[in-house]
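Hello,

Here is the structure I said I would pass on. My notes follow below it.

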Amino acid sequence: MKIRIITFERKHGRKPGSIGSSVIRGQWLVNHWPEAKLFTEGCYSDVLIFQKVYWYEMLKIYPGIKILDLCDPDWLTGELELVKISKMVDAITCSSKGIYDYVKKIVDCPVRYIPDRLDLDFFDVQKEHRGKAQNVVWFGYSHNARQVLPVVLPSLSKLGLKLVVISNEDYYPGVNYGVPIINRRFSWETIKYDLTSGDVVINPQPITNLKFKYKSENKTWIAWACGMPVANDFEQLKKFLDPDERIKEAKKKLKFVKDKCDIRTSVQEFKDLIKLCQRRRKTSSEK
């Protein structure tokens, strides 16, 4: 059986590696799924996975098994007609528990929660923690940086910490509270080294953002895979100033990543879902 994954990155002509979800839910899957490849025009497939791709024309004419892979709540913006598209696919997969909990309530097709697991072969660099923390790292898209980092800067100033921002654009706040800010451009080629150049990864929780409940855990898991503790609030950040606390946290979370976050588990879950879709089609054709 031939599986093809059409990623958001491919469908919209983006630079390879520029869309995180397309790497995590596209390239990393095919790295460990011999029957699967990324979609190319004119290719044959028995199964087509639409990774954040709402291609209604293709959904209408494609005869094979169709799986819609959701990683954003795009129904909130009107970009996605969720009920309509659910009637055109065999199943829907979701990258976060929040997306899954919502989608399963309003569609009739099978829905599965398949998290943003990691290609553990990629994460071959882990931080060696020494001394009191000197700087923290934040990584993500620039529009999120502008939303969450201004709230964090006063705390960093109070603790005397530098900030490294890894993003698609440089971050220059109107007021920096005296916090030195180092900008680095996000790249999958350097992310392991950029993350481990800091002592702690910060991942503030923007409770006023209604979309936050739909976010996946991928940023946290990526940081943990690099041996980096993740602080979500001021108290956690204070604790991780201590190198012994960082070492203890890094060891604990690295074990979790190896046990629970291997992309090979996602491959098996997709395979099981495809088998379910095949059975449902067979049952439907026999009626």
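**A buried histidine**

H32 counts as buried because its relative accessibility is 17%, and the cut-off for buried is under 20%. Keep in mind that this is a predicted model. H32 sits in the loop that runs between α2 (20-31) and β2 (36-38). Its side chain and that of D119 are joined by a polar contact of 2.8 Å. If neighbours within four places in sequence are left aside, H32 is in contact with D119, D121, I263, R264 and V267.

**The chain as a whole**

The protein chain contains eleven helices and eleven strands. Its radius of gyration is 20 Å, close to the 19 Å that the globule rule gives for 287 residues, so the chain is as compact as a globular protein of that length. Along the principal axes, the C-alpha atoms fill a box of roughly 70 × 35 × 35 Å.

Of the 287 residues, 52% are buried. The accessible surface of the chain is about 14,500 Å², and carbon and sulfur atoms account for 51% of that surface. Taking contacts between residues at least 6 apart in sequence, 67% join residues at least 24 apart. As for charge, there are 49 positive and 35 negative side chains, and the centres of these two sets lie 2 Å apart.

Which strand holds Q51? Q51 lies in strand β3. With a relative accessible area of 0%, Q51 is buried. Not counting residues up to four places away in sequence, Q51 touches I5, I6, T7, F8, S21, S22, R25, D69 and C71.

T93 lies in strand β5. T93 counts as buried, at 0% relative accessibility. A polar contact of 2.6 Å joins its side chain to that of D69, a residue that Q51 also touches. Beyond its neighbours within four places in sequence, T93 is in contact with R25, I67, L68, D69, L70, R112, I114, F270 and L273. T93 and C71 are 22 residues apart in sequence, and their C-alpha atoms are 8.6 Å apart in space.

Which residues of helix α5 (residues 97-106) are buried? They are G98, I99, Y100 and V103. These buried residues pack against β4 (65-70), α4 (82-86), β5 (91-94) and β6 (111-113). β5 is the strand in which T93 lies.

Helix α8 (residues 218-225) is mostly covered, with seven of its eight residues buried. The buried ones are N218, T220, W221, I222, A223, W224 and A225. They pack against α2, β7, α7 (191-195), β10 (200-202), β11 (230-231) and α10 (243-260). After α8 comes G227, which has a positive phi near 75°.

Most residues other than glycine have a negative phi. Two residues are worth looking up with that in mind.

K52 is not a glycine, yet its phi is positive, near 55°. K52 is in the loop between β3 (47-51) and α3 (56-61). At 11% relative accessibility, K52 counts as buried.

Y177 is not a glycine either, and its phi is positive at about 55°. Y177 belongs to the loop between β8 (162-167) and β9 (181-185).

**A glycine in a loop**

Leaving out residues up to four places away in sequence, G140 touches I166, S167, N168 and K219. G140 and G20 are 120 residues apart along the chain, and their C-alpha atoms are separated by 9.3 Å.

Regards

Note on methods:
Residues are numbered from 1 along each chain as its sequence is written. This is a predicted model: local features need pLDDT of at least 70, side-chain atom pairs count only at pLDDT 80 or more; totals for chains, interfaces and linings use all residues. Side-chain values use heavy atoms; hydrogens and water are left out. Helices (H or I, at least four residues) and strands (E, at least two) are DSSP runs, numbered from the N terminus. Buried means under 20% relative accessible area, exposed over 50%, partly exposed in between (1.4 Å probe, protein chains only). A polar contact is a pair of N or O atoms within 3.5 Å; within protein, one must be able to donate a hydrogen and the other to accept it, and residues adjacent in sequence count only if both atoms are side-chain atoms. Contact means heavy atoms within 4.5 Å. The radius of gyration is taken over C-alpha atoms; the globule rule is 2.2 Å times the number of residues to the power 0.38. Accessible areas come from the Shrake-Rupley method with a 1.4 Å probe; for residues, only the protein chains shown count as cover. Lys and Arg count as positive and Asp and Glu as negative; His and the chain ends are not counted. The place of a charge is taken as NZ of Lys, CZ of Arg, CG of Asp or CD of Glu.
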